[in-house]
Amino acid sequence: MALKTRFYLWLCSFVLFVNCLLYTVDGGELTLGVAAAFSVKHPQTYVNRKLRASIPSCTKADISITQGKSGNSNGIPAFSVQITNLCINHNCQLRNIHVACAAFASARPLDSRVFQRIKYNDCLVMGGAPLRAGGSVAFEYANSSEYPMHVISADLGPCS
């Protein structure tokens, strides 16, 4: 009985230890403590908010793009997109946000001040205007399929 109790205590301690491992930033990617020895990498988007708060400025890694099917537009599938600046530093903005967007096209007209295809695989968000920390912009497009999108570049705007 005592051996079984010790085993459960050890198991609980081990699980607690694994759950309390700290994240570290390694070359712009998030690495999980012991898992670093096994080359397990986690994308920058999962960075703990306290850890990001210690980084003084904003980068393209702070831009989140989410999209999903939102219905139909005259029989054509419609997709809703939201682009958000997740930067913790509320004094900074990101501008000239360029998104990889393949051959983006929409059967529904889009406001070019919100999202505009400049050339193949390069779309500009908000005409290059700054997107404040915590701010977001949303739009909807209609096409037979969803376009995969990710940020390719963003410039650090004014930080006061």
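Student: Where does Asn143 lie?

Tutor: Before the answer, some ground rules: this is a predicted model, where local features need pLDDT of at least 70, side-chain atom pairs count only at pLDDT 80 or more, and totals for chains, interfaces and linings use all residues. Residues are numbered from 1 along each chain as its sequence is written, and side-chain values use heavy atoms, with hydrogens and water left out. Strands here are DSSP runs of E, at least two residues long, numbered from the N terminus. On that numbering, Asn143 sits in the loop between strand 10 and strand 11 (150–156).

Student: Is Asn143 buried or exposed, and at what relative accessibility?

Tutor: Buried means under 20% relative accessible area, exposed over 50%, and partly exposed in between (1.4 Å probe, protein chains only). Asn143 counts as buried because its relative accessibility is 14%.

Student: Which side chain does Asn143 join in a polar contact?

Tutor: A polar contact is a pair of N or O atoms within 3.5 Å; within protein, one must be able to donate a hydrogen and the other to accept it, and residues adjacent in sequence count only if both atoms are side-chain atoms. Contact in general means heavy atoms within 4.5 Å, and by that test Asn143 touches Ile76, Pro77, Phe79 and Ala105, not counting residues up to four places away in sequence. The polar contact is 3.3 Å, side chain to side chain, and the partner is Ser144.

Student: What is the bridge partner of Ile83 in strand 10?

Tutor: Strand 5 (residues 76–85) and strand 10 are paired in the antiparallel sense, over 7 bridges. For Ile83, the partner in strand 10 is Val137.

Student: How many residues are in the largest nonpolar core?

Tutor: A nonpolar core is a set of buried Ala, Val, Leu, Ile, Met, Phe, Trp, Tyr and Cys residues joined through side-chain atoms within 4.5 Å. Ile83 and Tyr141 are among those touching the most other members of the largest one. Strand 5, strand 6, strand 8, strand 10 and strand 11 each give two or more residues to this core. The count for the core is 24.

Student: Which residue takes a positive phi in the hairpin of strand 7 and strand 8?

Tutor: Strand 7 (residues 115–119) pairs with strand 8 in the antiparallel sense over 4 bridges, with Phe115 bridged to Val125. The hairpin has 2 residues between the strands, and the positive phi, near 65 degrees, belongs to Asn121.

Student: Which element has the lowest mean pLDDT?

Tutor: pLDDT is the predictor's confidence in each residue, from 0 to 100. Its mean over the protein chain is 75, and 64% of the residues reach 70 or more. Over residues 8–53 the pLDDT is below 50, and where pLDDT is low, the predicted coordinates should not be read in detail. Among the elements, strand 8 has the highest mean (98), and the lowest (34) goes to strand 3 (residues 41–42).

Note on methods. Two strands pair if DSSP finds at least two bridges between them.
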